[in-house]
Amino acid sequence: LTGVDILKKIRSKDLRTKIIIVTGRPFIEKVLNEENLSHLVDGIVSKPFNPSVLLDKISNLYLR
């Protein structure tokens, strides 16, 4: 399975599940937008990253 396939499977099981992608792929947001898939993710963190950035993303998802 590709990462996109996995995202689709997770979303098909539960729309409430929060998904943050941790990726080393540059321009992933552009790819998701071009493929009309940006609705599948709630956040993106690019590698390398500071753990506090990931914790902030997680915190912000649950404060919405």
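Q: What should I know before we start?
A: It's a predicted model, where local features need pLDDT of at least 70, side-chain atom pairs count only at pLDDT 80 or more, and totals for chains, interfaces and linings use all residues. Residues are numbered from 1 along each chain as its sequence is written, and side-chain values use heavy atoms, with hydrogens and water left out.

Q: OK, how many salt bridges are there?
A: Three, counting a side-chain nitrogen of Lys or Arg within 4 Å of a carboxyl oxygen of Asp or Glu.

Q: Which residue does Arg11 pair with?
A: Asp42, at 2.8 Å, N to O. Arg11 lies in helix 1 and Asp42 in the loop between helix 2 and strand 2, so the pair ties together parts 31 residues apart in sequence. Helices (H or I, at least four residues) and strands (E, at least two) are DSSP runs, numbered from the N terminus.

Q: Is Arg11 buried or exposed?
A: Buried, at 8% relative accessibility. Buried means under 20% relative accessible area, exposed over 50%, partly exposed in between (1.4 Å probe, protein chains only). Asp42 is partly exposed at 24%.

Q: And what about Lys30 and Glu34?
A: Their side chains meet in a salt bridge at 3.8 Å, N to O. Lys30 is exposed at 51%, and Glu34 is exposed at 57%.

Q: New topic: which residues make up the largest nonpolar core?
A: There are nine, including Leu7, Ile19, Leu32 and Ile44. Such a core is a set of buried Ala, Val, Leu, Ile, Met, Phe, Trp, Tyr and Cys residues joined through side-chain atoms within 4.5 Å.
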